[in-house]
Amino acid sequence: MSWRVPLAELRISEEDVAAVLGCLGPGRLEAGAAVAALERALAGTLGVRHAVAVASGTAALHLACLAIGLGPGDEAIVPGLTFVATANAVRYAGATAVPCEVIAAREPNVDPDDVARRITPRTRAVIAVHLFGYPADLAALAEICAERGIALIEDCAQALGARFGGRSVGAVGDVGCLSFFSKKQLAIGEGGLVATDDERIAARVRALHALPGPGAAWDPARLGHDLAMDEPRAALALSRLGRLAGELEGRRRLARAYRRRLAGTPGIEIPFTEAAVADSGHFAFPLLLADRTQRDRFRAALAAEGVQTTCYPALHRLAAWPAPRPSLPRVEEAADRHVCLPMMADMEPASLDLVVDAALRAAPPR
């Protein structure tokens, strides 16, 4: 359907179009100067030594898993509430994804204490997801991983621009993975990035992310993946990168406006704290309803007024999730109760009014 207010809205400037057209003239579409320039720029933005541009956020996670040596017989702990690509990347590497608890419905990021409880001799990695753009507790997770000699992968697909302890997310763990999907902070349609300070991880990702180029000696022992970014997308990302700081500030303003106007509404809770707003990348604006029934009624009411919303299922409830299925009551509560409102950097005041008024009307009765 055509939404009056969609979840996200991508606006392409004339400069963006010119940047993409400019890279077409030389007749090279595969990775070249624009990809290299984007990698340098994003390494500087994140504060890491190495950045490798790839085809998607899922590709970034997949390559990160392979680069740290994850494989058959290994386990990686993932939060039970995340986009399914987090767990799929582990499975692509032949390993087992072990879902764990979130802290609470009001703070639905991975629970470090539960991570520690689920570590076994087979655990090779922990994947910390910064859900909705809000940083997970990287200090606690890094300590747990360092003590046990396991890798910490940051899934920053929703969190470009977020910070933890004064550092960009993606620069704290052993390796960080970003997404540039159309609804993300740096939107180019499809694309991703692997970021790391570890030269060995970076070299492994570069060796794996592309097949041998024309004229290269074919080595059947080298397992390459066709997961490189192309020049047009890199050119678009470079054009949009200069506006990233302003876009992030716009998302922050919208999050604060939502919080201010919906605070204290009966039947609605707002996750995370006011203080957390400053360090979030604001991919989405989540709310909590009392239960799944109230959440679904709320979403239906907003849809009837033309407002698009979304929510994420618990990983272990997915039909394709292998048995045995764990008991994760906090994950299940957060999955059942949350709903995400539209989030964009430049939402018009009239659209904000429409979303807020629809939410207030859809709130459960006192």
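## Basis of the values

Local features in this predicted model need pLDDT of at least 70 and side-chain atom pairs count only at pLDDT 80 or more, while totals for chains, interfaces and linings use all residues. Residues are numbered from 1 along each chain as its sequence is written, and side-chain values use heavy atoms, with hydrogens and water left out.

Helices (H or I, at least four residues) and strands (E, at least two) are DSSP runs, numbered from the N terminus.

## Packing of α2 and α8

Helix α2 (residues 33–46) packs against helix α8 (residues 231–241) at an angle of about 40°, and their axes are 8 Å apart. Axes are lines fitted to C-alpha atoms, for helices over the stretch in contact, and angles run from 0 to 180 degrees between N-to-C directions. The two helices α2 and α8 are therefore oblique to each other; angles under 35 degrees count as roughly parallel, over 145 as roughly antiparallel, 65 to 115 as roughly perpendicular and the rest as oblique. The crossing of α2 and α8 is left-handed (the near helix is turned anticlockwise from the far one by less than a right angle; clockwise would be right-handed).

On the α2 side, the contact (heavy atoms within 4.5 Å) is made by Ala33, Ala34, Val35, Ala37, Leu38, Ala41, Leu42 and Thr45. On the α8 side are Glu231, Ala234, Ala235, Ala237, Leu238 and Leu241. By class, this contact of α2 with α8 has 12 nonpolar, 1 polar and 1 charged residues. Here Ala, Val, Leu, Ile, Met, Phe, Trp, Tyr, Cys and Pro count as nonpolar, Asp, Glu, Lys and Arg as charged, and the others, Gly among them, as polar.

## Packing against α12

Helix α10 (residues 292–304) and helix α12 (residues 349–362) pack at about 135°, with axes 9 Å apart, which makes α10 oblique to α12. Their crossing is right-handed. Phe298, Ala301 and Leu302 of α10 make the contact with Ala358, Ala359 and Ala362 of α12; its residues are 6 nonpolar, no polar and no charged.

The axes of α9 and α12 come within 11 Å and cross at roughly 35°, in a right-handed crossing. From α9, Leu254, Ala257, Tyr258, Arg261 and Leu262 meet Leu352, Asp353, Val355, Val356, Asp357, Ala359 and Leu360 of α12. The contact of α9 with α12 has 9 nonpolar, no polar and 3 charged residues.

## Largest pocket

The largest pocket has a volume of about 470 Å³. On a 1 Å grid over the protein atoms alone, a pocket is an open set of points where a 1.4 Å probe fits, with protein on both sides within 12 Å along at least five of seven lines; lining residues have an atom within 4 Å of a point. Grid points are joined across faces, edges and corners, and the volume is the space filled by probe spheres set on the points.

Of the 27 lining residues, Phe83, Gln158, Lys184, Phe283 and Tyr312 are the closest to the pocket centre. The elements giving two or more residues to the lining are α3 (57–67), α4 (85–92) and β13 (338–341), and α3 gives the most, with 3 residues. The lining has 15 nonpolar, 8 polar and 4 charged residues.

## Backbone features

The peptide bond from Ala323 to Pro324 is cis, with omega near 0°. Pro324 is in the loop between α10 and α11 (329–337).

Phe272 is not a glycine, yet has a positive phi of about 65°. Phe272 is placed in the loop between α9 (244–262) and β12 (285–288).
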